[in-house]
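Dear colleague,

Please find below the structure that I am handing over to you.

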Amino acid sequence: SPIFIFRLFGIPVLYYCHFPEKLVLKSIDESSAMIMATMKDETKAVLDVVVAERERKANKEQGTPAAQRNIYSSKNVMNKLLGALKQLARLVLDWLRTTYRHVMQRLEEIALTCATSVAVNSEFTCEAFKTAFPHYVKGRGEPEIIYPAVHIRPLEFYERAVSMEVMKPYFPDKKDPIVLLSINRYERKKFVHVAVEALAELKKSKELIRDPDIRDRVVLLIAGGYDNRFAENVDYKVFLEDLAKALGVIDSIHFVCNFSSQQHIEYMANCRALLYTPPNEHFGIVPLEAMVAAKAVVATNSGGPTESVADQVAGFLCEPNGDSYAKAIAKLVEGENLAVSMGLKGRERTSKSFSRAALGDTLNSALWRCVEAKAAGKPKHE
């Protein structure tokens, strides 16, 4: 690693830590537990069906009655051999992943001791850092916080991208749709099912949105990174589709798997609001991208969004469930002026605190402190 070479030659090093490697698996486990704790019973039932179907397909050959198959056929022997090889490959990959994580965790700890100073990308990550490396914090103090940045394009850039034609192929039966946008990878920890639950709640509740015409116009565009080689991507997308069917909102949802930079801009320009559902996100760049486009953000009240999205100002921070999201979304659906006002305030906040210029100033100051600490002959905080 270059950090060790820099240390050898006495070059000052600012170590920028995102989320501690040793807490990644714990974070994933906590997210999985939260999913089951916050899901509605109907959503859990759909998930159970998807999991059962995956297991049924995996065990299809083994489940075939003996009378209907020749266990000594070359095809069956080959299938069993391939199954054994796949199982062996999974065991090897699991071992490699575990070994890799242990190695990276150790390297991370060593790298910290070689760094002149340490910075993290959010208050949330800072708290995780203090949990992961208490001895470092005790000896050298808390890390600095340097927020990531986004490019602040002129507002006219997004205004030129506004067009009814963008959403027409996705929702051909909807006249003047009110688009809610979700951008996340197709992974369970991203809690995209909360957006589906929220849409279903909006559609059925006459109290949240009183005008039936407005209720009918509300649609959800789910766009995200997707790779059909990854079982989780495939399973979660199937789960979301089945959930939308079970909740009766499949006609008001469109799924996009992967998209271009131009499509990303068009989606942002033509939505009413962004729904950012993952809990305990280390920072989250998508809410910033939405606020740059002057769009209101509805995000989960934990992790990075609590630092980037000003609640009740640039959007709403909600509990990670459909009911909480639906109440916030309804205000933006019925109040277009509110959505516009919040979007502009979010853009102003992002331009001030999360622009590349702001990052440059913060990083420049941190680097100068790092150099000064090295010149003084001791690591920063020591």
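Arg 369 is partly exposed in this predicted model, its relative accessible area being 36%. Its salt-bridge partner is Glu 144, and 2.4 Å separates the closest N and O atoms. Because Arg 369 belongs to helix H17 (residues 356-375) and Glu 144 to strand S3 (residues 144-145), the pair ties together parts that are 225 residues apart in sequence. Glu 144 counts as buried, with a relative accessibility of 13%.

A second pair is formed by Glu 281 and Lys 190, whose closest N and O atoms are 3.1 Å apart in a salt bridge. Glu 281 sits in the loop between strand S7 (273-276) and helix H13 (286-292), and Lys 190 in the loop between strand S4 (178-183) and helix H9 (193-204), so this contact ties together parts that are 91 residues apart in sequence. Glu 281 and Lys 190 are both buried.

Within helix H9, Lys 204 and Glu 201 are three residues apart, which means that about one helical turn separates them. Their side chains meet in a salt bridge, at 3.6 Å from N to O. Lys 204 counts as exposed at 61% relative accessibility, whereas Glu 201, at 17%, counts as buried.

Salt bridges also link Glu 127, Lys 130 and Glu 142 in a network. For the structure as a whole, the search finds 13 salt bridges.

With kind regards

Notes: Residues numbered from 1 in each chain as written. Predicted model: local features only at pLDDT ≥ 70, side-chain atom pairs only at ≥ 80, totals over all residues. Heavy atoms only, no water. Salt bridge = Lys/Arg side-chain N within 4 Å of Asp/Glu carboxyl O. Helix = DSSP H or I, 4+ residues; strand = E, 2+ residues; numbered from the N terminus. Buried < 20%, exposed > 50% of the residue type's maximum accessible area, 1.4 Å probe, protein only.
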